[in-house]
Amino acid sequence: MSEHRSQIRWARGDVPFGYETYDRTHRWRFPGGVELDASSAPEFRGRAELPNPEEALVAALSSCHMLTFLAIAARRRLVVESYEDDALGHMEKNDDGKLAITRVELRPRIVFSGEKRPTAEEIAHLHELAHRECFIANSVKTEVSVAPAT
């Protein structure tokens, strides 16, 4: 139906190549022209100031959920003024004993305006629909839960 690309670039440089010494910094490039440095997580000898794949997965799940939620809200003629999420991913051993992002908690804060304002139950239903239709959530084994911030 569609394809989605990214480029990853890494080079050793002048540092000896060993587990303790190689630099985890690499470059992410996207077709629209956005480029940014990334690294492994600090727990895996990466740079804390750079995004890492684990954070990118959490961000992708949060972003996809939000975009799906906004689409559903717009179709229902609800006016969303803002949407913020402080998503949290948990890395732990999965059922196979492998490290994985096993759970992601989405904690959205949404502000509506206009005459038609959804109830708490309607918002929960919108989140259920958004989760069910989110492309990224449908692509991973990770448990994703939504607990709207209060």
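Predicted model: local features only at pLDDT ≥ 70, side-chain atom pairs only at ≥ 80, totals over all residues.
**Helix α1**

I began at the start of α1, where a side-chain oxygen of N52 comes to within 3.0 Å of the backbone nitrogen of E54. Residues are numbered from 1 along each chain as its sequence is written, and side-chain values use heavy atoms, with hydrogens and water left out.

Which residues of α1 are buried? I listed V58, L61, S62, C64, H65, T68, F69, I72 and A73. Buried means under 20% relative accessible area, exposed over 50%, and partly exposed in between (1.4 Å probe, protein chains only). Their cover includes β4 (79-85), β5, β6 (99-106), β7 (108-113), α2 (120-133) and β8 (143-146). After α1 comes R77, with a positive phi near 60 degrees.

**Two histidines**

I looked up H90 in strand β5 and found it buried, because its relative accessible area is 18%. The H90 side chain makes a polar contact with the side chain of E105 at 2.9 Å. For that term I used N or O atoms within 3.5 Å; within protein, one must be able to donate a hydrogen and the other to accept it, and residues adjacent in sequence count only if both atoms are side-chain atoms. Leaving aside neighbours within four places in sequence, H90 is in contact (heavy atoms within 4.5 Å) with A100, I101, T102, R103 and E105.

H26 sits in strand β2 (residues 26-29) and counts as buried at 14% relative accessibility. Its side chain makes a polar contact with that of W28 at 3.0 Å. Not counting residues up to four places away in sequence, H26 touches I8, R9, W10, L36, D37, A38 and S39.

**K98**

K98 is in the loop between β5 and β6. Buried or exposed? K98 counts as exposed, at 55% relative accessibility. Apart from residues up to four places away in sequence, it touches E92 and K93. I also took the C-alpha separation of K98 and T68: 30 Å, for 30 residues along the chain.

**Salt bridges**

How many salt bridges does the whole structure have? My search found nine, counting a side-chain nitrogen of Lys or Arg within 4 Å of a carboxyl oxygen of Asp or Glu.

E49 and R47 meet at 2.7 Å, N to O. E49 is exposed at 55% relative accessibility, whereas R47 is partly exposed at 34%. Elsewhere, salt bridges that share partners join R27, R29, E35 and D37 into one network.

Within that group I looked at D37 and R27, whose side chains meet at 3.0 Å, N to O. D37 lies in strand β3 (residues 35-38) and R27 in β2, so the pair ties together parts ten residues apart in sequence. D37 is partly exposed at 33% relative accessibility, and R27 is partly exposed at 27%.

Terms used: Helix = DSSP H or I, 4+ residues; strand = E, 2+ residues; numbered from the N terminus.
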